[in-house]
Amino acid sequence: MKIMRYIKNSSWYIRLAFILSVIGPGIIAANADNDAGGITTYSIAGAHFGTKMLWVLFLITFSLAITQEMGVRIGLVTRQGLAGVIRENFGLRLTAFAMILMLIANIGTITAEFAGVAAAFSIFGWSKYLVVPISALAVWFILYKGSFKTTQKIFLLFSFFYIVYIVNGFVVGPDFGQAAKSLITPTIEWTMPFLVTMIALIGTTITPWGQFFIQSYVVDKGLEAKHYRIERWEVFFGAFVTNIVSFFIIISTAATLYKHGIHITDASDAARALEPLAGQLAQILFAFGLFVASMLGAFILPTATAYAFCEAFGWESGFDTTWKSGKTFYGIILACIVVPVIIVLIPKISLIKIMVLSQDINGILLPFILLFVMKIINDRRIMGEHVNKPIGNIISWLTIVGILVATAALLVISFIGYY
Amino acid sequence: MLYLSQILGGRVEDSADQVVGRLKDILVESKPGNYARIVFLLVKSKKGEDIFIPYEYVESLGRQTVDLKNIFDKINLAPTPSRCIYLSRDILDQQIVDVDGARVVRVNDLSLGIFEDQMCVLGVDVSFRGILRRLGVAWLDPFRLVSVHLVDWRKVQPVKGALKLDTISSDLRKLHPADLANIIEDLNLHHGTKLVNSLESREAAKVLEELNPHLQKILIKHLGPAKAGRIIEKMSTDEIADLMQLFSQKEAQKYLSLLQDSRVEKVTKLIKYEDDTAGGLMNTDFISGHPDWTVAQMIEEIRKYSPDMRSITFVYVVDNFGKFLGPVSLRNLLLADNKEKLKELYKSADRLATLRPDYPLDKVVNLMTKYDLYSAAVISHDGKIAGVVTIDDVMRCLAPKA
C-alpha cells in the first residue's frame with residue numbers, strides 16, 4: 001500500500017515525535033524546580049550551612065521521584081487532573097481546603113518568581129518598581145495573546161542554563177570526598193535559620209504545584225498505560241538530574257561563599273558563587289539565569305492554578321474562552337499575577353527573604369497535599385490494581401512525617417526564642 | 001427548597017422514633033426527559049451495614065431527620081438494586097453535561113421536590129451559591145448577591161457509571177456535532193470516550209471531525225480498534241487523511257486495514273498533498289455523472305450515493321476518459337426537465353475557475369472569494385477531477401480556533 005511507503009519514508013520525524021511525546025513530563029516538571037525560589041534556597045543552603053544539608057537533598061531525591069511517579073500513575077489511571085480527582089472523591093469541603101492550600105502555596109511561589117525578576121535586575125541597579133510591573137504585563141500579554149505552550153517550552157529550554165553550575169562546580173574544585181560524606185551523614189542544628197532553610201529546601205524541591213503539574217501534563221499529553229514503564233524511569237531520571245544541579249549549586253556556594261563567611265543578603269552575593277567559572281561575567285550570567293527561571297515560573301503557575309481551580313469547581317477554562325464565560329479563569333490568573341506583584345513592590349521588603357520564606361510555605365503545606373495523593377493512590381476503587389506498593393508508601397510517609405516533625409520543631413523553637 | 005446536601009448524613013428514624021441509621025445516599029431511577037424519581041434510600045445502619053429502604057416507607061424527608069412510616073422490623077429491605085443512579089456517588093461533585101447550554105459543569109448540589117406526587121430530583125445546582133451552601137458558609141452572602149443557578153434535571157446528561165444508549169437524552173444527540181465535540185473536549189477522557197461510544201457511528205464520525213487533532217488521536221486510541229474502525233469508516237476521506245497523518249506508521253496501518261481498499265486508495269492519494277494546498281484541503285467524496293445521462297438517471301445516482309456523502313451541492317460531469325467537463329448544480333438539476341441530458345446542462349469547465357492540486361491556501365482563498373464560489377473542483381494535470389474544495393474546508397484553515 002502506498003500510504004505505508006509514505007509513512008515509512010517520513011518515519012524519522014514521526015518516530016522522533018513519538019519519543020519526544022513521551023519524554024517530557026518528568027524531566028520538565030523536575031527541571032522547573034530550579035526556579036527563583038529554588039536557586040535562592042539552594043544558594044543559601046550552601047552559603048550559610050556549607051555541605052551540612054546535602055543529606056536532606058539526598059533523601060528528598062527519592063521523595064521527589066516517588067511523589068512524581070505517583071502523580072503520573074494517578075494521571076494515567078484517572079485521566080484527569082489532581083484537582084478533579086480530589087473533587088470527585090473527597091467532596092466539596094476537602095476540595096475547597098486543598099484548593100486554598102494550593103492557592104496560598106502558589107501565590108507564594110509566584111511572589112518568589114517576581115522577587116526573582118526584581119533581584120536579577122537589581123544586579124544592574126534597575127529599580128523593581130520598573131521591571132516587576134513590566135514583566136508582569138509581559139506575562140499577561142503573552143498568556144493572553146500568544147501561545148502558552150510555545151512560551152513554556154522556550155523558557156524550559158533556557159532553564160537548562162543551570163547546568164553551568166555543574167561546570168562551575170568542577171572549576172571550583174570542591175572537596176568531593178567531604179561532599180559525599182555529607183550526603184550520607186545526617187546533621188541537624190536545632191536553630192531557626194537551619195530549620196527554616198531546611199524546610200525551604202524540601203518545599204522548593206517537592207512542591208504542591210509540581211504534584212498538580214505532572215498529573216495534568218500526563219493527562220493533556222494523552223499518555224497511555226503502555227507508556228508507564230518509560231514514564232516512570234523518566235520521572236526518576238528527572239528527579240536525579242534536577243537534584244544533581246541542586247547538589248552543584250550547594251557545593252559551589254559552599255566552596256566559595258561559605259568558605260569566606262559571606263551571607264547572602266541580595267542576588268549579587270549569590271552570583272559570586274559563579275565567579276570561579278565566569279569571573280567578571282558571573283553577575284551577568286547569574287542575573288540572566290535567575291531572570292529566565294523566574295519568568296518560567298511566573299508563566300506556568302498562574303495558568304496552572306487557574307486550570308486546577310476551574311477543574312475542581314467546574315468553571316470554564318482555557319484561553320479560547322471568551323471574557324464573559326471564562327471570567328473566573330481569567331480572574332484567577334490576574335489575581336495570581338497582581339497579588340504577588342503588590343507584595344514584591346512593598347518598599348524595603350527583602351527579596352531574598354521572600355524567595356526563601358515562600359518555599360517554606362510550600363514545604364509546610366506540602367504534607368497536606370501529599371495526604372490527598374496518598375489517600376487516592378491507595379484507594380482500590382480509584383486505582384484498581386495500580387495502588388501503591390509498600391516501598392512507595394514507606395518513602396511517602398517518611399517524607400510527610402519528616403516535614404511535619406521539622407515544622408513542629410521550627411514552631412517550638414520560634415516559640416522558645418520569642419520568650 | 002430541599003437540597004441533597006441538606007439531608008445527606010441526617011438521622012433516619014422509624015415510626016417509633018427509633019434511630020435506624022444515617023442517610024448515606026439516595027437512589028433514583030432516571031429516564032431521559034423525565035425528572036428522576038427517588039426509589040431507595042441507602043442508609044448506614046447503627047451496625048455499620050448498608051441497607052436499602054424502598055422510598056414507599058418514607059413519611060417525610062427533612063433537613064435534620066428522615067421519618068419512616070413503619071417501625072423498622074416491619075420494613076422489607078431491598079437487595080442491592082441494579083440500574084439505579086446513586087445521587088451522592090454518581091452525580092454530586094461529578095461532571096455532568098448541561099445539554100441546553102451545551103457545556104460541561106460540575107454538580108455542586110441537587111434540588112429535590114414533588115413532581116406529579118413523586119419525590120424527584122428537579123434540578124442541578126451549578127452555582128457558586130451551591131458551593132457556599134455545601135461549605136456551610138452561605139451566611140457569608142446574607143443579601144443573596146450570588147444567585148442560585150439551577151439546571152433542569154431533564155436537560156442534563158449524567159456521564160458517570162454505565163452510559164447506555166437508552167439513558168442518553170435525545171436532546172444531547174440532537175446537539176450539533178461541533179457542540180458535542182466541545183463537550184467531549186471538556187469531559188475527562190474516560191467519560192468522553194463513553195459518550196462517543198454511545199453515539200451512532202455516523203454521528204460519532206461527525207463529532208470526531210470537529211475535535212482538535214490532538215484529542216482526535218487520543219480518543220481513537222482509547223476507543224479501541226473495533227469501534228474506532230467503524231467510526232473512521234464514516235468519516236470523510238479528507239478527514240481520514242488528516243487523521244492518519246497524526247499516527248505512527250504501524251498505527252495508521254492498523255486503522256487503514258479496517259477500511260475498504262477503494263477508500264484506502266483515496267486516502268493514500270490525499271496524503272501525498274501538502275497540508276495547505278488545494279490538494280491537502282480537498283475532499284475526494286463527490287458524485288460524478290456521464291454527459292449522456294438524463295436528469296432522472298443522475299438523481300437516481302445521487303439517491304444511491306447520498307448516504308456516503310457529507311454534503312452534495314454539485315455533480316461533476318466526466319467523459320468516457322475521465323476528463324472533467326463541468327459541474328451541474330443541484331438547483332439546475334431540480335429545475336431541468338427529467339429527460340434532459342447532462343451534456344446540455346453542465347457549465348463548461350473552460351469557462352470556470354478551477355483549482356490545481358498544488359495551489360497554496362491563499363490562492364485558493366482568493367479564487368473562491370473572487371468568483372463567489374461555495375465549492376471548487378480540483379483538476380489534476382491530466383484534466384481529471386481529483387477532488388472538491390468546499391468553503392468549510394477553507395474556513396477551518398482560516399479560523400482554526402473556532
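**Close-up views of a predicted model**

Figure 1. Within chain B, the lowest confidence falls in helix α4 (residues 170–174) of chain B, with a mean of 81, while the highest, 93, belongs to strand β5 (residues 50–54) of chain B. Chain B as a whole has a mean pLDDT of 87, and 98% of its residues reach 70 or more. For the model, the scores are ipTM 0.78 and pTM 0.84.

**Figure 2. An open sheet of three strands in chain B.** The strands of this sheet follow the order β10-β9-β14, and their pairing is antiparallel. In general, the strands of a sheet pair through backbone hydrogen bonds, in either a parallel or an antiparallel manner. Strands β10 (103–106) and β14 (156–158) of chain B stand at the edges; each has a single partner strand, so one side of each is left without a neighbour in the sheet. Direction ignored, neighbouring strands of the sheet are turned against each other by 35° on average.

**Figure 3. The pairing of strands β9 and β14 of chain B.** Strand β9 (residues 95–98) of chain B is joined to β14(B) by three bridges, and the two strands run antiparallel. One residue pair may be followed in detail: B:Asp98 has B:Val156 in β14(B) as its bridge partner.

**Figure 4. The packing of helices α5 and α11 of chain A.** Helix α5 (residues 54–78) of chain A packs against helix α11 (residues 192–205) of chain A at an angle of about 30°, and their axes are 10 Å apart. Because of this angle, α5(A) is roughly parallel to α11(A). The crossing of the two helices is right-handed. On the side of α5(A), the contact is formed by A:Val56, A:Leu57, A:Ile60 and A:Leu64, which meet A:Met198, A:Leu201, A:Ile202 and A:Thr205 in α11(A). Of the residues in this contact, seven are nonpolar, one is polar and none is charged.

**Figure 5. The crossing of helices α9 and α13 of chain A.** Helix α9 (residues 164–172) of chain A and helix α13 (residues 228–258) of chain A cross at roughly 40°, and their axes come within 8 Å. The crossing of α9(A) with α13(A) is left-handed. From α9(A), the residues A:Tyr165, A:Ile166, A:Asn168, A:Gly169 and A:Val172 take part in the contact. Their partners in α13(A) are A:Ile244, A:Val245, A:Phe248, A:Ile249, A:Ile251, A:Ser252, A:Ala255 and A:Thr256. The residues of this contact comprise nine nonpolar, four polar and no charged.

Note on methods: Residues are numbered from 1 along each chain as its sequence is written. Chains are lettered from A and ligands numbered from 1 in the order in which they are written. This is a predicted model: local features need pLDDT of at least 70, side-chain atom pairs count only at pLDDT 80 or more; totals for chains, interfaces and linings use all residues. Axes are lines fitted to C-alpha atoms, for helices over the stretch in contact, and angles run from 0 to 180 degrees between N-to-C directions. Helices (H or I, at least four residues) and strands (E, at least two) are DSSP runs, numbered from the N terminus. Angles under 35 degrees count as roughly parallel, over 145 as roughly antiparallel, 65 to 115 as roughly perpendicular and the rest as oblique. A crossing is left-handed if the near helix is turned anticlockwise from the far one by less than a right angle, and right-handed if clockwise. Two residues are in contact if their C-beta atoms, placed from the backbone, lie within 7 Å. Ala, Val, Leu, Ile, Met, Phe, Trp, Tyr, Cys and Pro count as nonpolar, Asp, Glu, Lys and Arg as charged, and the others, Gly among them, as polar. Two strands pair if DSSP finds at least two bridges between them. pLDDT is the predictor's confidence in each residue, from 0 to 100.
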